[in-house]
Amino acid sequence: MTCWSVKRRRHAYVDRTLSTAERERIERHLRTCESCSSRFEQLTSLRFSLTQLPRRRPPQSLSTRLRVAASRERQIVLENHGSHWRAAWNRWKFRLDEFMRPITIPATGGLLSSLVLFGALAFTLSIKSQPVAYDIPVMAGQTDPTLVPVQLHSAVVLTMSLDSDGHIADYAVRNATSSFVGDSAHTSYNTIPVPDFPSVFRMAEPVTRDISISFTPIVFRR
Amino acid sequence: MGQPFFGQPVRLSILAEAKSGVSAEDARIVRGLQAGIEEAYEELLRRYEQPVYGIVYRLVGNETEACDVVQEVFIKIFRGIGSFREQSSLRTWIYRIAVNEANNRRRWFARHRSHEVSLDGEEADRNSGIEDAPDPARSPFDQVLDHESQALIEQALARIKPAFRVAVVLRDIENLSYEEIAEILQVSIGTVKSRIVRGREALRRELTQRLDPGLAAAYS
């Protein structure tokens, strides 16, 4: 065996990972080669010194800290079946409960009040349609096959008369050339849906009056 | 019904020992930790506190930092024991966590606090916590010499590259096999051998530079 091949194997020799045959060949070479023998001795001595290094003793404070941490983690395992996600969820839930406690009753009261008020008003909503026999663009609440889109040719004024209950008792449509008053017989096309809020008007104390709405055509010229 | 562990009769899986890398004793500890048994925690600390501290201390080089890292390591062990799949031995798994945490801390320390100087000094820090029983067969002079040479070796070890240092520590101080070291460091066995060789060579060069002529003769 050459010095070069022995030198390549010296660490494996020290670590005792070579086969018995290889170790014997190396030892035969070492008996005859002072240089390699010296190198092997250095390495063996170094490794021996490392194995003899004393164990580093952890400070007592560390032992205490580790046992405290172990106790805490064990508690999490026992309370949450080992799940830190469950532990985090429980902690978040607890904090949320603590936060919500002072405002739970007012918030619930507010929610219930809203539901009661909405429930009281909801059934009063209705849409009443009144026929208008005139060429006025209309927006119907439901599709009516008899409705025919028309074009507004001139300004139109719609006047509605309200009674003391806030109901639309009468209406009239006028333009520059003609006018007509409401007639329930004109029901074939062009209806104006008029919402009826009797309870709302009652709360607002309706006043008998006329309301006029003016419709003016806008012409775009190219 | 399997043999009771930690005083509580329980059914043990007959496959516990069949899984590669995990001894029966390790499996008992793992089951105990997963079940929240206090004795299992104590057993784990008793077995691994000192070895983990030794490895971590030699990687970070500072007692205070080593204590923090060791605490982090064990917290990770306690929290991760539920996902421990027993593909490797408990020891290699624990040591892998320890090495990774120590490396992370060392890098962080080098980036943020390398300019700070300990009031106690490096010498006191390196020599503290050493379990050193006096040998009555040796003269006081020899014991002092031993202590001095050990301190020099520790200092030289702290000066070599971290990648080589961890390989030398795991092999020559903790006496782990190449396969175990490869598993811990997540590298090939060839890489482990290479790092051990280069680490020992670097250590030898450091010692020849630092030792006095009398001791240097043993290493040069």
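Predicted model: local features only at pLDDT ≥ 70, side-chain atom pairs only at ≥ 80, totals over all residues.
Chain B is helical. It contains 10 helices and 0 strands. Along the sequence, the pattern of chain B reads α-α-α-α-α-α-α-α-α-α. Chain B has 220 residues, of which 32% are buried. Among the contacts in chain B with a separation of 6 or more, 65% join residues 24 or more positions apart.

The two chains touch each other. Chain A contributes 29 residues to the contact, and chain B contributes 36 residues. On the side of chain A that touches chain B, α4 (34-51) and α5 (60-80) each supply at least two residues. The largest share of this side comes from α5(A), with 11 residues. By class, the side of chain A that touches chain B comprises 13 nonpolar, 8 polar and 8 charged residues.

One helix pair across the two chains was examined in detail. The axis of α4(A) comes within 11 Å of the axis of helix α9 (residues 189-210) of chain B, and the two cross at roughly 95 degrees. An angle of 65 to 115 degrees counts as roughly perpendicular. The helices α4(A) and α9(B) are therefore roughly perpendicular to each other. From α4(A), the residues that make the contact are A:Q42, A:L43 and A:L46. From α9(B), they are B:R200, B:L203 and B:R204. In the contact of α4(A) with α9(B), 3 residues are nonpolar, 1 is polar and 2 are charged.

Nonpolar cores were considered next. In soluble globular proteins, nonpolar side chains tend to be buried together. In this model, the largest nonpolar core has 54 residues. Those with the most contacts inside this core are B:V52, B:I55, B:V56, B:V70 and B:A98. Helix α2 (residues 38-60) of chain B gives the most to the core, with 11 residues. B:V70 has partners in both chains. In chain A, B:V70 touches A:P58 and A:L62. In chain B, its partners are B:V52, B:Y53 and B:V56, leaving aside residues up to four places away in sequence. A second, separate core has 5 residues, including A:V6, A:I26, A:L30 and A:F40.

Chain A also contains paired strands. Strand β2 (residues 156-162) of chain A pairs with β6(A) in the antiparallel sense, over 7 bridges. Within this pairing, A:V157 has A:S214 of β6(A) as its bridge partner. Strand β6 (residues 209-215) of chain A has 7 residues, and the number buried is 0, so the strand lies largely in the open.

Two residues, one in each chain, have a positive phi. In chain A, A:R16 has a phi of about 60 degrees although it is not a glycine. A:R16 sits in the loop between α2 (10-14) and α3 (20-32) of chain A. A:R16 has 7 C-beta neighbours inside 10 Å, so A:R16 counts as exposed. In chain B, B:N175 is likewise not a glycine, and its positive phi is about 60 degrees. B:N175 lies in the loop between α7 (162-173) and α8 (178-185) of chain B. With 10 other C-beta atoms within 10 Å, B:N175 is exposed.

Terms used: Residues numbered from 1 in each chain as written. Chains lettered and ligands numbered in written order. Core = buried A, V, L, I, M, F, W, Y, C linked by C-beta atoms within 7 Å. Buried ≥ 20, exposed ≤ 12 C-beta atoms within 10 Å, placed from the backbone. Helix = DSSP H or I, 4+ residues; strand = E, 2+ residues; numbered from the N terminus. Contact = placed C-beta atoms within 7 Å. Nonpolar A, V, L, I, M, F, W, Y, C, P; charged D, E, K, R; others polar. Axes fitted to C-alpha atoms, helices over the stretch in contact; angles between N-to-C directions. Parallel < 35°, antiparallel > 145°, perpendicular 65-115°, else oblique. Pairing = 2+ DSSP bridges.
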